[in-house]
Amino acid sequence: MGQAVFSHRVPQRRQTNAITVFCSRIYNKNNDVTKTWKGRTEQLLRVDDHDFTMRPAFGGPAIPVGVDVQVESLDSISEVDMDFTMTLYLRHYWKDERLSFPSTTNKSMTFDGRLVKKIWVPDVFFVHSKRSFIHDTTTDNIMLRVFPDGHVLYSMRITVTAMCNMDFSRFPLDSQTCSLELESYAYTDEDLMLYWKNGNESLKTDEKISLSQFLIQKFHTTSRLAFYSSTGWYNRLYINFTLRRHIFFFLLQTYFPATLMVMLSWVSFWIDRRAVPARVSLGITTVLTMSTIITGVNASMPRVSYIKAVDIYLWVSFVFVFLSVLEYAAVNYLTTVQERKERKLRERFPCTCGIPHSKTMMLDGNYSESDANSLAGYTRNQMVPEEEKQEKMVVHLAMSNESNSSRKRGLKGHVGLRIMQNTHAIDKYSRLIFPGTYIFFNLIYWSVFS
């Protein structure tokens, strides 16, 4: 067994030695600076020979620092906090002759974040930033690239949450413009000139950037000077982007339910005015539902002091629903007053009125004076005194046993007649006025805000 194991391991050792020799030949073909240069990187870049606490060309003209940005993602837009979160690659370009080094190939050298702490870098910060951090997985996402003539490329991967002053006067039919602002913290425009390296081409965006509630319309860059009374003028760079809100979500969650509640409140105009429980419960239900919709919308929005477009729509819809409840209150009150007058008329004029029992007339319906006279076959002079001609009375015919068969044949027509009798004039007008007014309001609303 021992010989078998020994004979099995010999090919592995030979294979390992062959790989080692092959790799050493490949590395020998490349110029490895760590082998040819006997010192350290700090000595190659002469880090210890200069004071990097001061900017390049200290005491001279302002050092130009070019900036370009690649936006990786827009992570979130918060209306409540009025801010946005963005992940980006921030790159700086400048020249520091103190970092120049001799090179025959004119190739750059790339370092990670450990060398950044030993040299001078621009002190750019994000104005109006709430939170920001440099990604550190698996190591700090920092790159430093130094060219032989002293040009430096300094790149970082950063996630920043910054303030965005939003105007919700047209919400949710609004567009928002937010800005991410970059500025040097210590160096004024006399020491450091911050500028976009390639103008508008300095800002690149990932084609896959998308948001659930917004459509990203455009990105663009601007720059201007910012003045502080205590320290002076500073160069400030702006990353501007415009967002337009998707309306379909709010149509489904807010506008359609509110419109349906308003239309549901109109159903009470077709319900019998004496069906008090049905009409009252329908009105109260629609009012409470509209209150719930308004509360839910305002809970997801900042407490601004001005009126939003959605507030106008919801509150006008709420007023329509509330007016439908008041409409039935008016109908019920006028019906009660009318019945009280009819009761007084019945007390004033006995039901027989000198009419034979075979054709008795009872003052209990909703017929007018002319209808009562035509149905009973009697004239006005036979029923009431002359001085009561201007008063209206309501009659209900009680037919004798001789006419029972004819009354049964006209039962269907009688039911339809009773429905018309139980419809108040206010209900008839409301069936046209409420829908017409609401449609007119919608035409004006969508023409103004869309």
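Across the whole structure, a search finds 28 aromatic pairs. One of them is the pair of F441 and Y445, which is tilted, at 5.9 Å centre to centre and 40° between the planes. A pair here means rings of Phe, Tyr and Trp (its six-membered ring) with centres within 6.5 Å; planes under 30 degrees apart count as stacked, over 60 as edge-to-face and the rest as tilted. The model is predicted, and local features need pLDDT of at least 70, side-chain atom pairs count only at pLDDT 80 or more, while totals for chains, interfaces and linings use all residues. Residues are numbered from 1 along each chain as its sequence is written, and side-chain values use heavy atoms, with hydrogens and water left out.

F441 and Y445 both lie in helix α12 (residues 425–449), and because they are four residues apart there, about one helical turn separates them. Helices (H or I, at least four residues) and strands (E, at least two) are DSSP runs, numbered from the N terminus. An α-helix has 3.6 residues a turn, so residues three or four places apart point the same way. Both F441 and Y445 are buried, where buried means under 20% relative accessible area, exposed over 50% and partly exposed in between (1.4 Å probe, protein chains only). The two residues also belong to one aromatic cluster, whose members include Y255, W266, Y313, F434 and W446.

The 25 residues of α12 should span 36 Å at 1.5 Å a residue, and the end C-alpha atoms are 36 Å apart, which agrees; the expected span is 1.5 Å times one less than the number of residues. At R431, α12 bends by about 30°, and a proline, P435, follows within four residues. The bend is the angle between axes fitted to the seven residues ending at a position and the seven starting there. Among the buried residues of α12 are D427, S430, P435, Y438 and N442.

The unreviewed UniProt entry annotates "transmembrane region" at residues 247–268, 280–300, 312–334 and 429–448; such annotations may be inferred rather than shown by experiment. Over residues 429–448 the chain is 100% helix and 0% strand, with end C-alpha atoms 29 Å apart. Over residues 247–268 the chain is 82% helix and 0% strand, and the end C-alpha atoms are 31 Å apart. V267 has its place in the loop between α5 (248–265) and α6 (276–299), and is partly exposed, with a relative accessible area of 39%.

Elsewhere, the structure holds one disulfide, a term for a pair of cysteine sulfur atoms within 2.5 Å. The disulfide joins C164 to C178, with S to S at 2.0 Å. C164 is in the loop between β7 (151–163) and β8 (175–184), while C178 is in strand β8, 14 residues apart, and the pair links distant parts of the chain. The link of C164 and C178 is left-handed, with -80° about the S-S bond. Both cysteines, C164 and C178, are buried. The loop between β7 and β8 also holds P172, which is joined to F171 by a cis peptide bond with omega about 0°.

Another cis peptide bond runs from T137 to T138, with omega near 0°; T138 has its place in the loop between β5 (129–134) and β6 (142–146). A57, a residue other than glycine, has a positive phi near 55° and is exposed, with a relative accessible area of 53%.
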